[in-house]
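Subject: Structure handover

Hello,

Here is the structure I promised to pass on. Please open it first, then read my notes beside it.

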Amino acid sequence: MERHFQTLGIPPDAGILEVKRAYLRMKNLYAEGSLATYTLLDDEERRSKIEAIEEAYQALSHGLAQRSLSPPFREEQEGAGHPPLDPADSPGLFLKRLRESQGLPRSEIASRTKISTTTIDCIEKERFNHLPAPVYLRGFIHEYARALGYPDPAGLASLFLERFRQQSSDT
Amino acid sequence: MHHSLPLTTETTPSAPLPTPSVTAATPRIWAVGGGKGGVGKSVITANMAVVLAREGKRCVILDADLGGANIHTLVGLPNPKTTLSDLFSRRGMKLEDIMVPTPVPNLQLISGSRALMEMANPKHVQKEKIIRQLFSLDVDHIFIDLGAGSAFNALDFFLAADTQVMVVVPTPTSVENAYHFLKAVYYRKLKKAIQTLGAQRLVDRAMGEKMLRGIRSPRDLIASISRENPPLGASLAAEMSPLAPALIVNQIRTEEEMDLGPQMKIACRDFFGLEVEFLGCIRNDDRAYNAVRMKRPAMEAYPQSSFSLALREITRKLAAAPFGGR
């Protein structure tokens, strides 16, 4: 277990949410063509790194799903102000709840981020076929999450795009 | 990032008088490096110094980019009367004798311009002389502009600094050179630490069994030594810990490029076991470029540009952090 937490770069008492976020973050970081790592590792090292990350995620998400039946998670204790929803399940709904919990109308977000209210609506409803290409979408999600003071806007953008990809491969 | 900054930071035209240091403390040494040329090291060095000089701190820039010195132009000083070459060619010259005032109040310059060709790589004794004299200068801050490359010269100045700043831009070439620079700094420091601790044999053995032990990074090497000899591993890690460079991502143009800094931070921890502090991004800003063309620091010519706002915030954050005395 300890080793897997280290692979994902998170403390050993991290909750399942943090594991998911860290997994996506690390996968992104060590993906082929990643600007931040491509000169650090050769292809074989990169492959074994990705394998270790996948293995860590499998082991931890399985382990934590069982652990979640007993003691409460750190994140659930801390995140009193956040909606009790896993952003990985529905990042759009997560953003909507977070916005509503702060009492902000869509128009306020629109004026803070320069994203149109229609697009914000489509983001929240995850109407992927109405949303722009991923390359723009990432920036939108990033800005939206940041406008709400969400601590890891890049992570949330990755979650959203991941879901976008799943959706488009399903249909 | 910088939109959250209060807009009350406009520098006043009349700078406050230098505040005498409460204690006769040693100056804080800043080194700005990061490998690639053209990423903005000199511009960032010059403007960081201007920020603190404008706050009344006595600042000196040492232009250690020998062979490519141009800080003097960036601060609007076309022809420095004395330069580093005088330190070596004229007997009895001291570092403080070759400092020249600049148009910015409280800011002085030790220029590297007109440095002799053979000085591009000063001898060890010369470098030691400069470093020793630097520490005893009666000023508050000393900024060293290292120039491009990973020559020993640059590495030793970087390692001698209290505040180590790396500048990258979001291009593969810049990131590549930054890692190369960081690796070079890391191994130079590690080599000294190994010598200090007399651990050469243990390291040689570990590196001899590199494949067997799965040593792929500096971090793996230290972990492997720690398993074999825990106290030595701990001392080695302790010797390496003062190496904690801070990172600025300059000239970003897209939202996505904002991820580079946090990602490099994780990669450095993963690969080197190094805690790099990510200081922030600076947006690509034409006014920074215009200021260079005007031969004035952007901090003076465009104090409210996004470049100036972001860099001022970064500089103040760094200056507020404590640094280890000597």
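One caution before anything else. This is a predicted model.

**Chain B overall**

Chain B has 14 helices and eight strands. Of its 326 residues, 47% are buried. Take the contacts in chain B between residues at least 6 apart in sequence: 76% of them join residues at least 24 apart.

**The sheet**

Find the open sheet of eight strands in chain B. Its order is β3-β4-β2-β5-β1-β6-β7-β8, and the pairing is mixed. Which strands stand at the edges? They are β3 (100-101) and β8 (277-283) of chain B. Each has a single partner strand, so one side of each lacks a neighbour in the sheet.

Strands of a sheet pair through backbone hydrogen bonds, in either a parallel or an antiparallel way.

Now look at strand β1 of chain B, residues 28-33. It pairs with strand β5 (residues 141-145) of chain B in the parallel sense, over five bridges. β1(B) also pairs with β6(B), again in the parallel sense, over four bridges. B:V32 shows both pairings. Its bridge partner in β5(B) is B:D145. Its bridge partner in β6(B) is B:V165.

How many residues of β1(B) are buried? Six of the six are, so β1(B) is largely enclosed by the rest of the structure. B:R28, B:W30 and B:V32 point one way from the strand. B:I29, B:A31 and B:G33 point the other way. All of these are buried.

How do α5(B) and α6(B) meet? Helix α6 of chain B covers residues 172-197. The two helices pack at an angle of about 70 degrees, with their axes 10 Å apart. That makes α5(B) roughly perpendicular to α6(B). From α5(B) come B:L155, B:F158 and B:L159. They meet B:A184, B:V185, B:R188 and B:K189 in α6(B). By class, this contact has five nonpolar residues, no polar ones and two charged ones.

Most residues other than glycine have a negative phi. Two residues here have a positive one.

B:N106 is not a glycine, yet its phi is about 70 degrees. Find it in the loop between β3 and β4 (107-110) of chain B. Is B:N106 buried or exposed? It is buried, because 25 other C-beta atoms lie within 10 Å and the cut-off for buried is 20 or more.

A:E126 is not a glycine either, and its phi is about 50 degrees. This residue is in the loop between α7 (117-124) and α8 of chain A. A:E126 is partly exposed, with 18 other C-beta atoms within 10 Å.

**Chain A**

Domain 1 of chain A gives six residues to the contact and domain 2 of chain A gives seven. On the domain 1 side, two residues are nonpolar, one is polar and three are charged.

Check A:E51 as well, in helix α3 (residues 43-67) of chain A. A:E51 is exposed, with 10 other C-beta atoms within 10 Å. A:E51 and A:R138 are 87 residues apart in sequence. In space they are 26 Å apart, C-alpha to C-alpha.

**Where the chains meet**

Last, the contact between chains. 14 residues of chain A are in contact with 18 residues of chain B. On the chain A side, helix α8 (residues 134-147) gives the largest share, four residues. By class, that side has six nonpolar, five polar and three charged residues.

Best wishes

Methods. Residues are numbered from 1 along each chain as its sequence is written. Chains are lettered from A and ligands numbered from 1 in the order in which they are written. This is a predicted model: local features need pLDDT of at least 70, side-chain atom pairs count only at pLDDT 80 or more; totals for chains, interfaces and linings use all residues. Two residues are in contact if their C-beta atoms, placed from the backbone, lie within 7 Å. Ala, Val, Leu, Ile, Met, Phe, Trp, Tyr, Cys and Pro count as nonpolar, Asp, Glu, Lys and Arg as charged, and the others, Gly among them, as polar. Two strands pair if DSSP finds at least two bridges between them. A residue is buried if 20 or more other C-beta atoms lie within 10 Å of its own, exposed if 12 or fewer, and partly exposed in between; C-beta atoms are placed from the backbone. Axes are lines fitted to C-alpha atoms, for helices over the stretch in contact, and angles run from 0 to 180 degrees between N-to-C directions. Angles under 35 degrees count as roughly parallel, over 145 as roughly antiparallel, 65 to 115 as roughly perpendicular and the rest as oblique.
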